[in-house]
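Biologist: Please show me the model, and then we can go through it by question and answer.

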Amino acid sequence: MLRWAAGLGAGILDWAANAARQRGANYLRLDCVTSNDRLRAYYEAHGFAHRGDVPVGGAPGQRLEDGPVTWVSRYELALPRACAS
């Protein structure tokens with residue numbers, strides 16, 4: 001099986017970190033459904049720290065007051081500042 005998108009995820013994470021850094025952010029936070037062990041391991045392998053699990057209302061990707069509850073894991077990556085030369 002050809003993996004034409006191999007490495008794309010790391011590129012997207014780098015792009016997101018650079019975009020956040022350019023906007024003055026000190027951290028990049030990503031959320032994923034708590035039951036997605038593979039994605040959680042992927043984030044951790046790329047330097048993200050687990051910052052806890054929280055229940056959110058609504059289906060994944062929604063934030064509703066009512067409806068089903070989805071448990072979400074929060075991950076955070078510190079964004080070091082580039083040194084001025």
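Modeller: Just after H1, glycine 24 has a positive phi of about 90°. Helices are DSSP runs of H or I with at least four residues, strands are runs of E with at least two, and both are numbered from the N terminus. This is a predicted model, where local features need pLDDT of at least 70, side-chain atom pairs count only at pLDDT 80 or more, and totals for chains, interfaces and linings use all residues. Residues are numbered from 1 along each chain as its sequence is written, and side-chain values use heavy atoms, with hydrogens and water left out.

Biologist: Which residues of H1 are buried?

Modeller: Buried means under 20% relative accessible area, exposed over 50%, and partly exposed in between, with a 1.4 Å probe and protein chains only. Seen down the axis of H1, the buried residues line one face because they fall within an arc of 165°, taken from the directions from the helix axis to the C-beta atoms. They are Leu13, Ala16, Ala17, Ala19 and Ala20.

Biologist: Which exposed residues does the face of H1 turned away from its buried side carry?

Modeller: The buried residues of H1 pack against S1, helix H2 (37-45) and S3, where contact means heavy atoms within 4.5 Å. The face turned away from that buried side carries Trp15 and Gln22.

Biologist: Which residues is alanine 17 in contact with, leaving aside its neighbours within four places in sequence?

Modeller: Alanine 17 is one of the buried residues of H1. Leaving aside its neighbours within four places in sequence, alanine 17 touches Leu28, Leu77 and Leu79.
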